[in-house]
Amino acid sequence: MKLPICNACGEIQYPVREICGACLADEVTVQEVEVTGVLLSQVDLHHSMEPGFLANLPWSIGNVQVNGGAVMTAHLYGQLATGSAVDLQWITDPKGRDVIVAKPVGEGTVVWENLENKGK
Ligand SMILES: [Zn+2]
C-alpha cells in the first residue's frame, strides 16, 4: 500500500496527513509499504443507505491495528476472526474511491467484485 511515512519516527500517517501525528515532524514521504495488522473489531452491516450495498448485505467492516501504529477501518474479505493477523490493501470501489480491505494473511490481490460475491 502507498502511504505517507514519517521521515523522523517511521509512523504510518493514517488518516493521510502532511505532519506526523506521533512526533509532529513535518517531513513525510509517500512510500510503498507492506501493511499488516491485527483485526481489533468487526461488525456485519445489515442495513445500508447506499444502493450498491443492498444486494450484498450483510457487509463486513472492521478496525485494524496496523504495524505502523495507526488504526484503520477496512472492508473485510474472507473468514477473519477478531484478534487474527490480516494483510491490508487499497481497493477501488464502484464509485472510483480508494478504500481499504483487510484480508487473510497471504491472500492474493482482492478486487471489489470479490467482496460483493463473498459466500455466494
Ligand atoms: Zn513522526
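This note goes through the barrel, its strand pairings, the core and some backbone details of a predicted model.

1. Basis. The model is predicted: local features need pLDDT of at least 70, side-chain atom pairs count only at pLDDT 80 or more, and totals for chains, interfaces and linings use all residues. Residue numbers start from 1 along each chain as its sequence is written.

2. Five strands form a closed barrel in the order 3-4-5-7-6, and the pairing is mixed. From one strand to the next the twist averages 45°. Helices (H or I, at least four residues) and strands (E, at least two) are DSSP runs, numbered from the N terminus; two strands pair if DSSP finds at least two bridges between them. Axes are lines fitted to C-alpha atoms, for helices over the stretch in contact, with angles from 0 to 180 degrees between N-to-C directions.

3. Antiparallel pairs. Strand 6 (residues 85-92) and strand 7 (residues 98-104) run antiparallel and are joined by seven bridges; aspartate 87 has lysine 103 of strand 7 as its bridge partner. Five bridges link strand 4 (residues 59-66) to strand 5 (residues 71-76), also in the antiparallel sense. Here valine 64 is bridged to methionine 72 in strand 5.

4. Parallel pair. Strand 5 pairs with strand 7 in the parallel sense, over two bridges. The bridge partner of histidine 75 is valine 101, in strand 7.

5. Core. The largest nonpolar core holds 16 residues, and those with the most contacts inside it are Val64, Val66, Ala74, Leu88, Val101 and Ala102. Strands 4, 5, 6 and 7 are the elements that give two or more residues to this core. A nonpolar core is a set of buried Ala, Val, Leu, Ile, Met, Phe, Trp, Tyr and Cys residues joined through C-beta atoms within 7 Å. A residue is buried if 20 or more other C-beta atoms lie within 10 Å of its own, exposed if 12 or fewer, and partly exposed in between, with C-beta atoms placed from the backbone.

6. Leucine 88. Not counting residues up to four places away in sequence, leucine 88 touches Met1, Val35, Gly37, Val64, Val66, Met72, Ala74, Ile100 and Ala102. Contact requires C-beta atoms, placed from the backbone, within 7 Å.

7. Backbone points. Most residues other than glycine have a negative phi, and most peptide bonds are trans. The bond joining tyrosine 14 and proline 15 is cis, with omega about 0°; proline 15 lies in the loop between strand 1 (2-6) and strand 2 (28-32). Leucine 57 and proline 58 are also joined by a cis peptide bond, with omega about -5°, and proline 58 sits in the loop between helix 1 (51-54) and strand 4.

8. Leucine 24. Phi of leucine 24 is positive, near 65°. Leucine 24 is in the loop between strand 1 and strand 2 and is exposed, with 10 other C-beta atoms within 10 Å.

Conventions
Contact = placed C-beta atoms within 7 Å.
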